[in-house]
Amino acid sequence: MLNLTMNSQAGIGYKSSAQIARRITESWGSENLYCVCCNNPRINSTKTNFRAADFRCPGCNALYEMKSGKRWDENRVPDSGYASMMNALTSDRVPNLFVMQYSNNWTVRNLLLVPSFFFSPAAIEKRKPLGLGARRAGWVGCNILLSKIADAGKIRLVKDGLAEPIDRIRSNYQRIRPLARIGTEARGWTLDVLNVVERLGRRDFDLTDIYAHEGEFAALRPTNMNIRPKLRQQMQVLRDMGFIRFKGRGQYRLND
Ligand SMILES: [Zn+2]
């Protein structure tokens, strides 16, 4: 089980509150976080200006980024540059993402992990360019829209101050891992369809429930004229990966 108390001493010697928080959360991560992709009990801080990620697993080389703060917003997490994010997405180089909330007395309140292969372009929101007065005027950042990421891809290591057993976290990860084998472009479809299925809010549904969201898919892919066949194909992919079951006659059931 994770130790949820952070060592505030790690922030001593740093001036700005952002630097202090970064130092304390990073130090906690490198002492407590474990690799979800393999059985390694630790992940190492990448420390010096390695821009691609904050932690690396010494066992399997999985990369992890961590965004943390006192606020908890399950809809939107500010991330880095929009262009570099979209680039990383197309070339399948997005790190796994930890989103953490901590309290005023430096204890971990919430911690969730979005595996690298759960990001789709639909979950990346372009921000307005920074104004002329800013140090990096014109720079365009992005937000990660957690609300557009399927629930299966939000693994909760800590929820409201309670840590989940490590075994359960790793088995949740293994269950969704087959998605990583699909190429990035096809995977975007699978993830968006899975998100729609989950948002229906019920276990049993049919093809017309999915077709009702045809407009959303069309808006994301204006050049695609074959949305419905694609949606049917994605139902098969979700079935083959164990997310849903076919009950016959266009009826489906979401698996636990
Ligand atoms: Zn690992």
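Which residue lies over the face of W189, and at what distance from the ring centre? In this predicted model, the residue is R221, which lies at 4.1 Å from the ring centre of W189.

**View 1. The ring of W189 with R221 and F217.** While R221 lies over the face of W189, the ring of W189 also forms an aromatic pair with F217, and this pair is stacked, with 5.9 Å centre to centre and 15 degrees between the planes. Because W189 belongs to helix 4 (residues 184-199) and F217 to helix 6 (residues 214-220), the pair ties together parts that are 28 residues apart in sequence. W189 is buried, with a relative accessible area of 6%, and F217 is buried as well, its relative accessible area being 2%.

**View 2. The stacked pair of Y64 and F98.** Among the 7 aromatic pairs that the structure holds is the one formed by Y64 and F98, which is stacked, with the ring centres 5.2 Å apart and 15 degrees between the planes. Y64 is found in strand 3 (residues 63-69) and F98 in strand 5 (residues 96-102), so that the pair ties together parts lying 34 residues apart in sequence. Both Y64 and F98 are buried.

**View 3. The cluster of F117, F118 and Y173.** In this view of the predicted model, ring pairs link F117, F118 and Y173 into a cluster.

**View 4. R136 and the ring of W139.** Here the side chain shown with the aromatic ring is that of R136, which lies over the face of W139, at 4.2 Å from the ring centre.

Definitions and conventions
Residues are numbered from 1 along each chain as its sequence is written. This is a predicted model: local features need pLDDT of at least 70, side-chain atom pairs count only at pLDDT 80 or more; totals for chains, interfaces and linings use all residues. Side-chain values use heavy atoms; hydrogens and water are left out. Rings of Phe, Tyr and Trp (its six-membered ring) pair if their centres lie within 6.5 Å; planes under 30 degrees apart count as stacked, over 60 as edge-to-face and the rest as tilted. Helices (H or I, at least four residues) and strands (E, at least two) are DSSP runs, numbered from the N terminus. Buried means under 20% relative accessible area, exposed over 50%, partly exposed in between (1.4 Å probe, protein chains only). A charge sits over a ring if NZ of Lys or CZ of Arg is within 6 Å of the ring centre and within 35 degrees of the ring normal.
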